Amino acid sequence: MSLLNVFDVAGSGMSAQSIRLNTTASNLANAESVAPPGQPTYRSRHPVFAAELESAAGGLLPLSSDTAGKEGSNVQVLGIVESDKPFNIRYEPDHPYADESGYVAYPNVNAVEEMANMISASRSFQVNVEMMSTARTLAERLLQMGR
Amino acid sequence: MKISLDNALGIHPDALSLRSERTNLLARNIAQADTPGYKARDLDFEAILADKVGRQVPSVRIAGTDPRHVTEQSTGQGGYDIQYRIPLMPSLDGNTVDMQMEQAKFAENNTRLLASLRFVDGRFNSLRTAIRGE
């Protein structure tokens with residue numbers, strides 16, 4: 001029954017969005033984490049989403065004659081990439097981790113970007129939850145058919 | 001006199017299964033709203049249903065003049081086409097999901113699914129009444 005596939009799809013969407021929320025939380029929490037000279041400073045992290053291949057998902061749409069469109073149903077997290085943006089360099093000669101000219105490299109986390117990302121992720125999560133509950137209601141009604 | 005269940009239920013079971021298929025498709029679109037490069041997909045409900053109940057929709061048919069040509073018959077298994085949506089406002093990452101539109105279509109499709117469900121239910125109730133003869 002294809003209605004039950006909605007649960008899989010929404011579930012994968014929810015897990016992907018929660019990974020996105022996790023990276024956002026990590027970025028915001030580490031926005032001020034400074035590393036001692038010689039050690040890598042924290043870089044902001046972002047997940048990369050992809051659509052799972054239909055064939056890999058066991059052909060979730062048996063009725064479709066569409067084999068050309070390879071985008072599948074489930075949301076897949078391909079990996080987490082670190083940002084290449086330059087670090088935030090601040091002049092803090094008193095800082096214990098300052099280099100010899102008195103500069104400290106702070107992580108390249110953009111708080112505004114992260115907040116926007118967080119809101120977007122939580123909204124997408126909500127939509128997936130909503131979708132799931134709708135599918136549940138419909139499936140329940142379907143089961144009651146003919147009573 | 002015999003009662004054919006297929007005739008009694010009419011078009012509604014087909015509509016129901018197609019609607020649930022479409023619910024699934026729209027759910028995918030919504031779930032993939034943040035996936036770069038994902039193309040939103042949908043199916044043409046009216047055309048497919050018309051095809052299913054045997055009415056021919058006026059459309060362009062592919063002529064197969066050679067057995068190796070790909071025609072609609074050779075795609076087999078009563079399949080139908082899932083089409084890509086034409087984006088109103090494509091985004092930079094190649095994603096063509098318009099969240100508001102997809103949600104609206106999802107809601108509409110579910111309402112229509114419930115309507116089909118109610119029709120089937122009604123037919124079942126009529127059948128039951130006929131069987132009981134009360």
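Student: Is the crossing of α2(B) and α4(B) left-handed or right-handed?

Tutor: The crossing of α2(B) and α4(B) is left-handed. The general idea: a crossing is left-handed if the near helix is turned anticlockwise from the far one by less than a right angle, and right-handed if clockwise. Bear in mind that this is a predicted model, where local features need pLDDT of at least 70 and side-chain atom pairs count only at pLDDT 80 or more, while totals for chains, interfaces and linings use all residues. Residues are numbered from 1 along each chain as its sequence is written, with chains lettered from A and ligands numbered from 1 in the order in which they are written.

Student: At what angle do the axes of α2(B) and α4(B) cross?

Tutor: They cross at roughly 160 degrees and come within 9 Å. Axes are lines fitted to C-alpha atoms, for helices over the stretch in contact, with angles from 0 to 180 degrees between N-to-C directions. The two helices are therefore roughly antiparallel (over 145 degrees; under 35 is roughly parallel, 65 to 115 roughly perpendicular, the rest oblique). Their contact has eleven nonpolar, eight polar and six charged residues.

Student: Which elements of chain B give two or more residues to the side that touches chain A?

Tutor: Those are α2 (12-31) and α4 (99-132) of chain B, and α2(B) gives the largest share, eight residues. In total, 28 residues of chain B are in contact with 30 residues of chain A (contact: C-beta atoms, placed from the backbone, within 7 Å).

Student: How does α4(B) lie relative to α2(A), and which residues meet?

Tutor: The axes of α2(A), residues 111-143, and α4(B) come within 11 Å and cross at roughly 5 degrees. That makes α2(A) roughly parallel to α4(B). T134(A), L138(A), R141(A) and L142(A) meet N110(B), L113(B), L114(B) and L117(B).

Student: Is I48(B) buried or exposed?

Tutor: Burial is a neighbour count: a residue is buried if 20 or more other C-beta atoms lie within 10 Å of its own, exposed if 12 or fewer, and partly exposed in between. I48(B), in helix α3 (residues 45-52) of chain B, has 22 and is buried. Leaving aside its neighbours within four places in sequence, I48(B) is in contact with L18(B), L43(B) and Y80(B). Y80(B) is 32 residues from I48(B) in sequence and 6.9 Å from it in space, C-alpha to C-alpha.

Student: And where is P90(B)?

Tutor: P90(B) sits in the loop between β2 (83-84) and α4 of chain B, and with 12 other C-beta atoms within 10 Å it is exposed. From K39(B), P90(B) is 51 residues apart in sequence and 9.9 Å apart in space, C-alpha to C-alpha. The element names come from DSSP runs, helices being H or I of at least four residues and strands E of at least two, numbered from the N terminus.

Methods. Contact = placed C-beta atoms within 7 Å. Nonpolar A, V, L, I, M, F, W, Y, C, P; charged D, E, K, R; others polar.
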